[in-house]
Amino acid sequence: MTAHSRYPSFSSYMRARRPVLLRTARSLTANPNDAEDLLQTALTKTYVAWERIEDHRALDGYVRRALLNTRTSQWRKRKVDEFTCEELPEPDPIPLADPAEQQVLKDAMWRAIMKLPARQRAMVVLRYYEDLSEAQTAEVLGVSIGTVKSAVSRALGKLRQDPELTPVR
């Protein structure tokens with residue numbers, strides 16, 4: 001089914017207002033081809049919503065808003081330009097951490113966490129080991145979000161002061 005047979009009023013509107021709307025699209029983009037694509041996308045959105053638009057006298061405003069919203073979405077998703085060069089830039093190699101040192105750090109961290117009071121330890125484990133949000137942690141423990149925030153803050157302060165973790169800093 002074509003736009004003509006389903007919504008003849010849309011076809012009439014599009015034919016009559018396309019030049020004006022294209023000028024608006026061109027003012028939003030630097031490239032005339034992009035303006036054509038932008039207008040086409042906005043008109044498609046308008047066509048899909050045609051039955052829901054109550055006041056057809058305000059169609060220009062609706063399409064302009066669709067143009068602006070579409071352009072904003074495109075801008076947010078814009079791609080990074082690629083440039084050719086003679087040599088590929090190689091990143092500096094990231095030094096691999098010694099697995100033994102990593103295990104020593106993990107062990108020291110766990111010992112420091114085990115020194116915390118049970119309630120603070122539970123909150124730190126839920127927040128940072130289980131990766132729960134403050135709200136989720138509060139819900140699991142049956143406390144307020146503020147309690148979680150303050151207890152975790154105090155626990156992190158104690159961990160910063162733990163002498164076993166000092167060499168790590």
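This is a predicted model: local features need pLDDT of at least 70, side-chain atom pairs count only at pLDDT 80 or more; totals for chains, interfaces and linings use all residues.
I looked up Trp110 and found a relative accessibility of 37%, so Trp110 counts as partly exposed. Tyr129 has a relative accessible area of 44% and is therefore partly exposed as well.

**Entry: how α2 and α3 pack**

I then turned to helix α2, residues 8-28, and helix α3, residues 32-48, which pack at an angle of about 135° with their axes 9 Å apart. Angles over 145 degrees would count as roughly antiparallel and those from 65 to 115 as roughly perpendicular, and α2 and α3 are therefore oblique to each other. I recorded the crossing of these two helices, α2 and α3, as right-handed.

Going through the contact, I listed from α2 the residues Phe10, Met14, Arg18, Leu21, Leu22, Ala25, Arg26 and Leu28, which meet Pro32, Ala35, Glu36, Leu38, Leu39, Leu43, Thr46 and Tyr47 in α3. Sorted by class, the contact of α2 with α3 has 12 nonpolar residues, 1 polar residue and 3 charged residues.

**Entry: Thr46**

Which residues does Thr46 contact once its neighbours within four places in sequence are left aside? I found Phe10, Ile53, Tyr62 and Val63 in contact with Thr46. Thr46 is found in helix α3, and with a relative accessibility of 0% Thr46 counts as buried.

**Entry: aromatic pairs**

I next searched for ring pairs and found that the structure holds 4 aromatic pairs. One of them is formed by Phe10 and Tyr47, an edge-to-face pair with 5.1 Å centre to centre and 65° between the planes. This pair links distant parts of the chain, with Phe10 in helix α2 and Tyr47 in helix α3, 37 residues apart. Are Phe10 and Tyr47 buried or exposed? I noted both Phe10 and Tyr47 as buried.

Another aromatic pair, again edge-to-face, is that of Trp110 and Tyr129, at 5.3 Å centre to centre and with 80° between the planes. Here too distant parts of the chain are linked, since Trp110 lies in helix α5 (residues 99-114) and Tyr129 in helix α6 (residues 118-129), 19 residues apart.

Definitions and conventions. Residues are numbered from 1 along each chain as its sequence is written. Side-chain values use heavy atoms; hydrogens and water are left out. Axes are lines fitted to C-alpha atoms, for helices over the stretch in contact, and angles run from 0 to 180 degrees between N-to-C directions. Helices (H or I, at least four residues) and strands (E, at least two) are DSSP runs, numbered from the N terminus. Angles under 35 degrees count as roughly parallel, over 145 as roughly antiparallel, 65 to 115 as roughly perpendicular and the rest as oblique. A crossing is left-handed if the near helix is turned anticlockwise from the far one by less than a right angle, and right-handed if clockwise. Contact means heavy atoms within 4.5 Å. Ala, Val, Leu, Ile, Met, Phe, Trp, Tyr, Cys and Pro count as nonpolar, Asp, Glu, Lys and Arg as charged, and the others, Gly among them, as polar. Rings of Phe, Tyr and Trp (its six-membered ring) pair if their centres lie within 6.5 Å; planes under 30 degrees apart count as stacked, over 60 as edge-to-face and the rest as tilted. Buried means under 20% relative accessible area, exposed over 50%, partly exposed in between (1.4 Å probe, protein chains only).
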